[in-house]
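Hello,

Here is the structure we talked about passing on. Please open it alongside this note; my findings follow below.

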Amino acid sequence: MPISTQPRPWLWCSLCLVGLWQPTTSAQVLASNKTATRTTQQRASTNGQPLLLRDALLLLMQERKVEILFDERLLGTRRTAAVRRPNATVSAILTHLLAGSGLKFNRLRNNTYLIVEETPRPSDRPSDAATPAAPSTDFGSALPSSALPKPGSTPPAERQIAVDRTLTGRVVSETNEGLPGVSVVLKGTSRGTTTNVEGRFQLSIPEGPAATLVFSYVGYVTQEIAVGNQTGLEVKLAADAQSLNEVVVVGYGTVRRSDLTGSVVSIKSEDLARSTVTSLDQGLAGRAAGVQVTQQSGQPGGATSVRIRGISSINSANEPLYVIDGFPYYNDNSGTTSNVISGAPAQNMLSTINPGDIESVEVLKDASATAIYGARGANGVILITTKRGKAGKARIEVDAYTGVQEVVKIIPLLNARQYAEFRNENYINLLGLNGKGLPTYTDAEVAALGEGTNWQKEIFRVAPMQSLQVSASGGNETLRYSVSGSYLDQKGIVIGTDLRRYTGRVNLDAQLSKRLKLGNNFTVSYVASNVGRTGGGTNGVNGVQSPTAGNIIQDALFFNPVVPVYDANGNYTLDNASGTIAYAAGPGNKGNTPNANPVAVAALATQQNFTTRLLDNIFAEYAILPSLTFRSSFGIDYLFNRQNSFIPSTLSIGLPGGNGAVGTANTLSWLTENTLNFSQTRGAHSLQALAGFSTQKYQTEYLAVSGRDFPTDVINVYNMGSAAIQNPPNTGFLGWSLMSYLGRVNYSFRDRYLFTASIRADGSSKFGANNKFGYFPSAAFAWKLHEEPFIKNLNTFTELKLRLSAGRTGNQEIPAYQSLSTLGVVRFPNSNTAQAIGLAPTRLGNPDIRWESTSQYDAGIDVGLFNNRVQLTLDAYYRKTNDLLLFVQLPFSSGFENALQNIGSVQNKGLELSLQTVNLNKALTWRTNFNIAINRNKVLDFGNETERYIGADYNLTKGLALGVIRVGEPLGNFVGFINDGIFKNQEEVDRGPKSGFDYVGSRRFVDLNNDGKINDADRAIIGNALPKFTGGIQNSFSYKNFNLDFFFQFVYGNEVYNMTQLELEFLNGRQNQSVTVLDRFQAGVNENTDVARTGGYVNIRQTHSRWVEDGSFVRLKNVMLSYDLPLSAWNVRGLTARLYVNGQNLWLLSKYRGYDPEVNINPQSNTLLGFDYTSYPSAKLYTFGLKLGF
Amino acid sequence: MKKFLSTCFVAALLIGSTACEKFLEEDPKGQVATGAFYNTVGEATQAVTGVYTFLRPLYLGNSMTLSSEMASDAFTFVSGAGGALVTLYETFQIVPTDQANLRTYQAGYQLINAANTVLANLQGKTLTGTPGKQPILEGEALFLRAFTYYHLVQLYGDLPLRTEPSTSVAGLDIPRSPAAKVYETIVADLQKAVAQLPERSEAAGRANKLAALTLLAKVQLSLKQPEAAVASLKQVIGKRSLYKEYADVFKLANENNTVESIFEVQYGLSPFNNDVVQNYTPLEVTGVGFVFQVYAPSKEALALLTPTDKRTPVTLWSSFNGKPFVQPFVRKFNDALVGTTQANDAGQINWPVFRYADVLLLYAEALNAAQKGPSVEALDALNQVRLRAGLAPQAAGLSQSQFVDAVLDERLREFLGEGHRWFDLKRNDRLAAYLTKYGFKTGTHEVFPIPRVELDANKNMTQNQGY
């Protein structure tokens, strides 16, 4: 059977290279020859007969951490007798082992050997391959690389059959490295050869253009090339990203993809490089089934929310655990580490990591994968592995890009004239009601107005961005390094906003002795950003107050279009300069809104964030035995965050005398981990075991000061002491600690039946004295059906694997100290101007509180067809979270309102499908990656409540619930009245139903209980923010030196509560409005409409169904075209250069009327989802870049 | 080597398990763990200060004036915020889900738990620091607990009686104790407080012996023990006096005075503003958009406050900046701050809980009850208050019952808006007589409903009859 068409007989065993339980894979050359030999001897003597050659090779692979390729059929039942020399090289041992077996080996690469038959050929020259192979020797054509011609040497003289001609060529990887050991076979024959160390080959082929060569190599996509009349070929093989032999990082180790028993999605650096993302969470959106990423704002470095397999908690956090090179980190955007002063936009601490440093991202989804993270695993785990050095020549890579961003959409608003007319109508309508109003603008003034100021256009800009990254990596057997530095300068699409990031990273691996290895991962980053006053809406006191001035986006939407940016003197127009009489009506007051000139706010107000992060993890590994390794690591994660906020007195919102705040937070987290790894294969049995102990401590201290009324605006935030009014400083401390024991066993039998069991015991300081430790077990079973003869014989499946897993994980992301009874500081005025500090019981501790517990069951199937050209992964899961940590109502007679207790339950169930296909694999390759995920969420138990209305203290609609948690319903429900149009005439008003604000032209709601009244009882669930399904599809084309990727992301079936639109149809005459208001109700003029009349009706801000919009969308998230410069002619070894252009967010298909349906102003909330309120809009991005490597 | 390393590893595991208890202990820096406190006079003083802070939400938020004033014949609802809610009080249709009612109940028990926490932690302990302070601090906590239980038992009747702090989420379902039992606790607490407290407050706003005696007298009158009340009040008579001018009582400069004041709830500049004032403040003062003017004096009250009464111009407010109001409002708590900002933070003037005029009128009330008719001494106590107001002395010759009504009228004139009316009527068994026309039903409205959430969370709780 020719090897070209049947690669399956090859048993590719890289188990040892992978080092199943070693977090680092590249330098595990630890085995002592002495021990190795003894082990082998012992085994041989125990068996009383010589070892199977196959087992001896497997053992050698394991002990020497090398790869040996062989065909099992060649080895048959051959045994090997000899005792090997302990200090010999691998080559020497192989020579010894194979002596007299009729086999020999070729060294393909450093640490890679190929076993072939010794054929009694007259010559080893490549041209011999032209001779038809004898049926008995499939490998007759495979030749030792040493026999191949040296580069640049003349091909040997022809002496073959006359009709043949000689073809020479080179096979290279995507990075233009020569690939040794690639099988090159003439299609339809058994004629073939392999490439030499530089990837070169020479082959005799029949004359004529019909010849097709098949290039195959493990780990790469098999490629067929029609030779035509060419005599020299350069063939580039594409790495098979989803190769079965790909190594996947899992918790506390790595595993071959084919040996996975859990549900893990792996995203490699190549995939991340398919778009120019500035933070890795952006790169995850749509790329992994079951992972939903929502961005709060388009602000550079803006907060995001990541949800894996739905929402499992109501009160605790729901973000996944990030593990950065082994260091666990919870990305709490709203926590004190990222938000020190109130009102600042939330920051995303993940943006401190340079995505270009990332080697791979693994998303662990099922319990088998996450239970090793115990009390923090319930929301899924995202493992981030940064790049490490590999032995070899130093390689320097430079990646530079520059780009521009622009706003995706401008919301159509009234122009100046339309606004003036609208405002006049508003007051005329009011006049009819209370006899006070007069038109604001005279007819002459209105007539003179035109378009006016489009404030959105004034604050949005085409914003440049640029990035430069330089990295160097390399090393030798004893010391390897990977060093990088990067710089990112991104301006925001809103004027005055930007982000600058500087990162540096040094990863080192040192082989101190044969047994001892040291390593260090060090990252430092500094992020400085002007975030602008673009945070979520802050608001007034009662339900009918308008938004506060000074939010740039809000101001751009609401501010008066009649007003110009600058007045006649060239100063900013500061309408409503007094700041206090915001709503006064009448002809004298043309200042319409409580809003400020957004251009002035952006230019004059300061809102800055500075973050410094140091992340260092040092580790040592000691090989106690070849099969037993001890690893110890110590790491720290230090975050220093500073925020500045200053509003000068020149802005009405800064009166009087300016308003400033400064805050800092110092966060230090340290981690120690000690693990023992055991790994051994005996015959059909393979066992790996892990035991470990880990402690982590986290503490953060914050300090914030604020004041008002500064002597001059020049002072800004740099002398807070000069403020006439000093607010009390706000300082605090927060800490927690975690102590964990962990263990895992992987066992496989005949490489077909894989079992994994793990357990972690987590002790957390956050939990009550009676429940400090929690135990989180998991078990999984996988069956590699494709290794079974009955499947193998079908010749259909390259891979067919069934996976089953079950386990329990926890969620401990609640604030610290909830189990303790504490006295809080209270204040008591002991005169009109002084106060005494008192202490009073503020929290009733609950020593019984413990983690939320999620039980998860997962069944999955992995299918590979047509030589893995089609790969499919399907998972079904059920997750049930019990012991929800909820604040449970206490009898008020206790003196306390509530206490945190473990009560309640939520379930998520879903399906995930991902499909990878190689559609074309000729000169043009076309690959498609598709994924789709469906999740259904349901609240099963909510303690002693059956429903709870939420959002009542929400700024915008204070006093009005926005959402409801109800048993039997999913989370994310919007609650409100059902819109029933507009009362068209008095008769309709009289008929009702009555809400108390019923006039001709006001909104009517559906009276659900038919009592004639609209009240709380008529509220219904009017939408849900959770999507029915989410996913993405990526197509990658490659032709010669060109690569084209385009990626669509889609979300279907979710709804968005569009509070921006609510404000833009507020109809109160105080703020600018959407053009939809042109269709407002006007008695006798325009009555057939769904927009109410203007005139100040209090019920206008009621939550109701008109503001619920379909949030489904399809987005062309990313397009990238790249071109690899043909530099081989330069003959500079290893030189590569790639030019690329990248476009993001180029196209969006959505009915949503706001800026972007992928939004939530409260991004990490579990219960108030899908709310849009003047969020920082998302941007289109175009970049042009160059990647150089040498 | 390997032996050494594996030993190390095992040691790490073992050390871990022995050290883990400590490693996992929480140290809530900046917060004080209950129990790690109350060792010095300074700490105990802060803890007692903590108890006082609950007075504001309890006694003088909107909540308490709703029950003491709106649910009486003193005030009527005009317009403004929370209209429906306020009307429910005026017309005796209060429901168990009422939020204001809940706030009173909640703040009351928060204060009681805070007082219980202090008392439990001071018991059997000798504080370091200035000697002699410990009994005073205990006395203050006892007074505050009694003060709060007095209000709660008056408002709700039978109560869950807690005299120990809540320390665990388990076992909080306490059934109601009979009102008599609650009164027993109150009297016992007050007797101890009387013995331990000094006549002059330790600091502004802190309880003193006179406050404890005044409260004790009110409790004794409620318990129909007028002789005991007379005895209690006798210890106060002569210890304070009346200001010459009624207006002086409400001057900002006279807060915490030692002339007439006995006990005040402290207010100050933001964030300690007197938030009850907003309800008494008319729209014309607060400006457009901030609609308060919730409480306006009733017709009955306006009829009692004659133009000759010197209290009338101090109490009533009829115009602002030359603009007359549609109807008069209560002005006595409005200081210079009121009306200067749009915000709802209102004034800073203290709330006079007990003042000497109250003592005199209580004394008259107690003597009348004890002696089955108004004696000269009783008339004299009443007339001291009338004379300051510029009114003619009450002539002799009233029956015991007529004298009760005369004192109640005097109290309405003297204390309008100060949170006394409903309690005064209740103490004198006049609720039905005065309030039936507003919707009062005998057998139900002598108490308010137990808040719904307490019933939901406490399975041993029962609702008051009729709610």
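How much area is buried between chain B and chain A, and what share of it do carbon and sulfur atoms give? The buried area is about 5300 Å². Carbon and sulfur atoms give 68% of it. Please keep in mind that this is a predicted model.

**The interface**

On the chain B side, 58 residues are in contact with chain A. On the chain A side, 64 residues are in contact with chain B. How many salt bridges are there between the two chains? The count is zero. Polar contacts do occur: nine residue pairs, with both residues at pLDDT 80 or more.

Several elements of chain B supply at least two residues each to the side that touches chain A.

- α1, residues 2-23
- β1, residues 32-33
- α2, residues 41-52
- α6, residues 99-122
- α20, residues 452-457

Which of these gives the most? It is α1(B), with nine residues. By class, the side of chain B that touches chain A has 30 nonpolar residues. Another 20 are polar, and eight are charged.

**A strand pairing across the chains**

The strand β1(B) also pairs with chain A. Its partner is β37 of chain A, residues 822-829. Two bridges join these strands, and they run antiparallel. To find the spot, go to A:Thr822, which stands opposite B:Ala33 in β1(B).

**One residue to look at: B:Asn464**

B:Asn464 sits in the segment after α20 of chain B. Is B:Asn464 buried or exposed? It counts as buried, because its relative accessibility is 9% and the cut-off for buried is under 20%.

**Chain A overall**

Chain A has 1190 residues, and 60% of them count as buried. It holds 16 helices and 58 strands. Take the contacts in chain A with a separation of 6 or more: residues 24 or more positions apart account for 70% of them.

Best wishes

Note on methods:
Residues are numbered from 1 along each chain as its sequence is written. Chains are lettered from A and ligands numbered from 1 in the order in which they are written. This is a predicted model: local features need pLDDT of at least 70, side-chain atom pairs count only at pLDDT 80 or more; totals for chains, interfaces and linings use all residues. Side-chain values use heavy atoms; hydrogens and water are left out. Contact means heavy atoms within 4.5 Å. Buried area is the accessible area (1.4 Å probe) that two parts lose on being put together, summed over both. A salt bridge is a side-chain nitrogen of Lys or Arg within 4 Å of a carboxyl oxygen of Asp or Glu. A polar contact is a pair of N or O atoms within 3.5 Å; within protein, one must be able to donate a hydrogen and the other to accept it, and residues adjacent in sequence count only if both atoms are side-chain atoms. Helices (H or I, at least four residues) and strands (E, at least two) are DSSP runs, numbered from the N terminus. Ala, Val, Leu, Ile, Met, Phe, Trp, Tyr, Cys and Pro count as nonpolar, Asp, Glu, Lys and Arg as charged, and the others, Gly among them, as polar. Two strands pair if DSSP finds at least two bridges between them. Buried means under 20% relative accessible area, exposed over 50%, partly exposed in between (1.4 Å probe, protein chains only).
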